[in-house]
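Please look over the sequence and the model shown here before reading the notes that follow them.

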Amino acid sequence: MAQRRMFSKSVICSDAFKGMSFAAQSLYLQLCMEADDDGFCSNFESVRKSISAKKMTLDELERNSFVIRFDDGVICIKHWLLNNVIQKDRYKPTEYQEDFRKIYVKPNRIYTISEEKGVPAVRIGKG
């Protein structure tokens, strides 16, 4: 896993982000730090417990369109491409390829699961 992560001011300084509880804001930042190079994270529970957030905090992130939750317990950071640019020589594809194939990228570089709103994420170049 990478040792550096970035956060876009357009995301974390937005009214939508600042309108969430401090627990949800903190959880989002911690999940971004734990995510792989495609923005996927499978250890939500351990991250949640490490910051003493309640189980409903992920619901708040999902309700406010900051994460996508998959049935297998993996989550995806919706603003990953706005937050991070990974150099091609350092990029390691996600191990959650089945979930990754369900992701589309909108013109504003935000992940979605709606194929009508974007192009498959696999077409988006890294780096």
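Predicted model: local features only at pLDDT ≥ 70, side-chain atom pairs only at ≥ 80, totals over all residues.

Residues are numbered from 1 along each chain as its sequence is written, and side-chain values use heavy atoms, with hydrogens and water left out. Helices (H or I, at least four residues) and strands (E, at least two) are DSSP runs, numbered from the N terminus.

**Sheet**

- Three strands make up an open sheet with the order β1-β3-β2 and antiparallel pairing, where two strands are taken to pair if DSSP finds at least two bridges between them.
- The edges of this sheet are β1 (40–41) and β2 (67–69), each of which pairs on one side only.
- Between β2 and β3 (residues 75–77) there are three bridges in the antiparallel sense, and Ile-68 has Cys-76 in β3 as its bridge partner.
- Strands of a sheet pair through backbone hydrogen bonds, in either a parallel or an antiparallel manner.

**Helix α3**

- Helix α3 has 13 residues (residues 22–34), which at 1.5 Å a residue should span 18 Å, and the 18 Å between its end C-alpha atoms agrees with this; the expected span is 1.5 Å times one less than the number of residues.
- Its buried residues are Ala-24, Gln-25, Leu-27, Tyr-28, Leu-31 and Cys-32, where buried means under 20% relative accessible area, exposed over 50%, and partly exposed in between (1.4 Å probe, protein chains only).
- Viewed down the axis of α3, these buried residues fall within an arc of 165 degrees, so they line one face of the helix; the arc is that of the directions from the helix axis to the C-beta atoms.
- An α-helix has 3.6 residues a turn, so residues three or four places apart point the same way.
- Gln-25, located in helix α3, is buried with a relative accessible area of 13%, and beyond residues up to four places away in sequence Gln-25 touches Phe-17, Lys-18 and Met-20, contact meaning heavy atoms within 4.5 Å.
- Helix α3 lies across β1 and β3 and runs at about 95 degrees to β3; axes are lines fitted to C-alpha atoms, for helices over the stretch in contact, and angles run from 0 to 180 degrees between N-to-C directions.

**Helix α5**

- Helix α5 (residues 56–63) lies across β2 and β3, running at about 115 degrees to β2.
- The residues Thr-57, Leu-58, Glu-60 and Leu-61 of α5 are buried, and they cover an arc of only 155 degrees around the axis, which puts them on the same side of α5.
- The cover over the buried residues of α5 includes α3, α4, β2 and β3, whereas the face turned away from the buried side carries the exposed residues Met-56 and Arg-63.
- Glu-62, also in helix α5, counts as partly exposed at 33% relative accessibility, and Glu-62 touches Val-67 and Arg-69 when residues up to four places away in sequence are not counted.

**Nonpolar core**

- The largest nonpolar core holds 31 residues, and those with the most contacts inside it are Tyr-28, Leu-31, Phe-40, Leu-61, Ile-77, Ile-103 and Tyr-111; such a core is a set of buried Ala, Val, Leu, Ile, Met, Phe, Trp, Tyr and Cys residues joined through side-chain atoms within 4.5 Å.
- At least two residues of this core come from each of α3, β1, α4 (44–50), α5, β2, β3 and α6 (80–83), with α3 giving the most, five residues.
- Leaving aside neighbours within four places in sequence, the contacts of Phe-40 include Ala-35, Phe-70, Val-74, Tyr-96, Phe-100 and Ile-103.

**Loop residues**

- Ser-65 is placed in the loop between α5 and β2, has a positive phi near 65 degrees although not a glycine, and counts as partly exposed at 36% relative accessibility.
- Arg-109, in the loop between β4 (104–105) and β5 (111–112), likewise is not a glycine and has a positive phi of about 70 degrees, and its relative accessible area of 34% makes it partly exposed.
- Pro-93 is found in the loop between α6 and α7 (97–100) and counts as partly exposed at 47% relative accessibility.
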